[in-house]
Amino acid sequence: MDQDLLGGHLQELRRGTVVLACLSILKRPGYGYGLLEALEQAGFAVEANTLYPLLRRLEKQGLLTSSWDTEEARPRKFYTTSEQGTELLNALLKDWEALHASIRQLNEGQPS
C-alpha cells in the first residue's frame, strides 16, 4: 500500500471529524493545549496551527463559549461547548452513526 496515498485519504477522512471530536471533548471546559493532548490520546493527531483557528471559528459560530482563567501564572482561555454546539454535536453524531451503518452495510459480503 502506498503510504502517501493512504496518509492523504486518512487526513481527508479525519478532517471532518475534528469538529465532532472537539465539540464532544469540550462538553467539559478545556483549553487549547489540553485539547491537543486529549485529541492525540484519542487518536486524532491535530496540529496546533489547525486547532486554534478551528476553536476561534467555532466560537465565532456560537458553538463554543470561552472564558479566561487568570488565576495561574499564565492566563488560559477555556472553551466549553455551548447549547447550540451541543445541538449540533447531537445532530452530527446521529448522521455519523447513520453513515457508519451505511458503510458497514455496503461492505458486508464484499471480499476483504
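Where does Ser82 lie? I looked it up in this predicted model. Ser82 sits in the loop between S3 and H5.

**Entry: Ser82**

Then I checked the side chain. A polar atom of the Ser82 side chain lies 2.6 Å from the backbone oxygen of Gly62. I also listed the neighbours, leaving out residues up to four places away in sequence. Ser82 touches Gly62, Leu63, Leu64 and Thr65.

**Entry: Thr17**

I moved on to Thr17, which is found in helix H2. Thr17 has a relative accessible area of 9%, so I noted it as buried. What does the side chain of Thr17 reach? It reaches the backbone oxygen of Arg14, at 2.8 Å. Again I skipped residues up to four places away in sequence and looked for contacts. Thr17 touches Phe44 and Trp96.

**Entry: helix H2 as a whole**

Thr17 made me look at the rest of its helix. How many of the 9 residues of H2 are buried? I found 7, so H2 is largely enclosed by the rest of the structure. The buried residues are Thr17, Val18, Val19, Leu20, Ala21, Cys22 and Leu23. I then looked for what covers them. The cover includes the helices H1 (3–15), H3, H4 and H5 (83–107). It also includes the strands S2 (64–69) and S3 (76–81).

**Entry: H2 against H4**

H4 is part of that cover, and I looked at this pair in detail. H2 spans residues 17–25 and H4 spans residues 48–60. They pack at an angle of about 70°, with their axes 11 Å apart. H2 and H4 are therefore roughly perpendicular to each other. H2 passes H4 in a right-handed crossing. On the H2 side, Val18, Val19 and Cys22 make the contact. On the H4 side, Leu51, Leu54, Arg57 and Leu58 make it. By class, I counted 6 nonpolar residues, no polar ones and 1 charged. I also noted a general point: an α-helix has 3.6 residues a turn, so residues three or four places apart point the same way.

**Entry: H3 against H4**

I turned to H3, residues 32–41. At what angle do the axes of H3 and H4 cross? They cross at roughly 120° and come within 10 Å. That makes H3 oblique to H4. This crossing is right-handed. H3 brings Gly32, Tyr33, Leu35, Leu36 and Leu39 to the contact. H4 brings Ala48, Leu51, Tyr52 and Leu55. The residues divide into 8 nonpolar, 1 polar and no charged. Leu51 of H4 is in this contact, and Leu51 is also in the contact with H2.

**Entry: Arg28**

Last, I checked a loop residue. Arg28 has its place between H2 and strand S1 (30–31). Is Arg28 buried or exposed? At 67% relative accessibility, Arg28 counts as exposed. I also looked up a distance to Ala98, 70 residues apart from Arg28 along the chain. Their C-alpha atoms are separated by 26 Å.

Conventions: Residues are numbered from 1 along each chain as its sequence is written. This is a predicted model: local features need pLDDT of at least 70, side-chain atom pairs count only at pLDDT 80 or more; totals for chains, interfaces and linings use all residues. Side-chain values use heavy atoms; hydrogens and water are left out. Axes are lines fitted to C-alpha atoms, for helices over the stretch in contact, and angles run from 0 to 180 degrees between N-to-C directions. Helices (H or I, at least four residues) and strands (E, at least two) are DSSP runs, numbered from the N terminus. Angles under 35 degrees count as roughly parallel, over 145 as roughly antiparallel, 65 to 115 as roughly perpendicular and the rest as oblique. A crossing is left-handed if the near helix is turned anticlockwise from the far one by less than a right angle, and right-handed if clockwise. Contact means heavy atoms within 4.5 Å. Ala, Val, Leu, Ile, Met, Phe, Trp, Tyr, Cys and Pro count as nonpolar, Asp, Glu, Lys and Arg as charged, and the others, Gly among them, as polar. Buried means under 20% relative accessible area, exposed over 50%, partly exposed in between (1.4 Å probe, protein chains only). A polar contact is a pair of N or O atoms within 3.5 Å; within protein, one must be able to donate a hydrogen and the other to accept it, and residues adjacent in sequence count only if both atoms are side-chain atoms.
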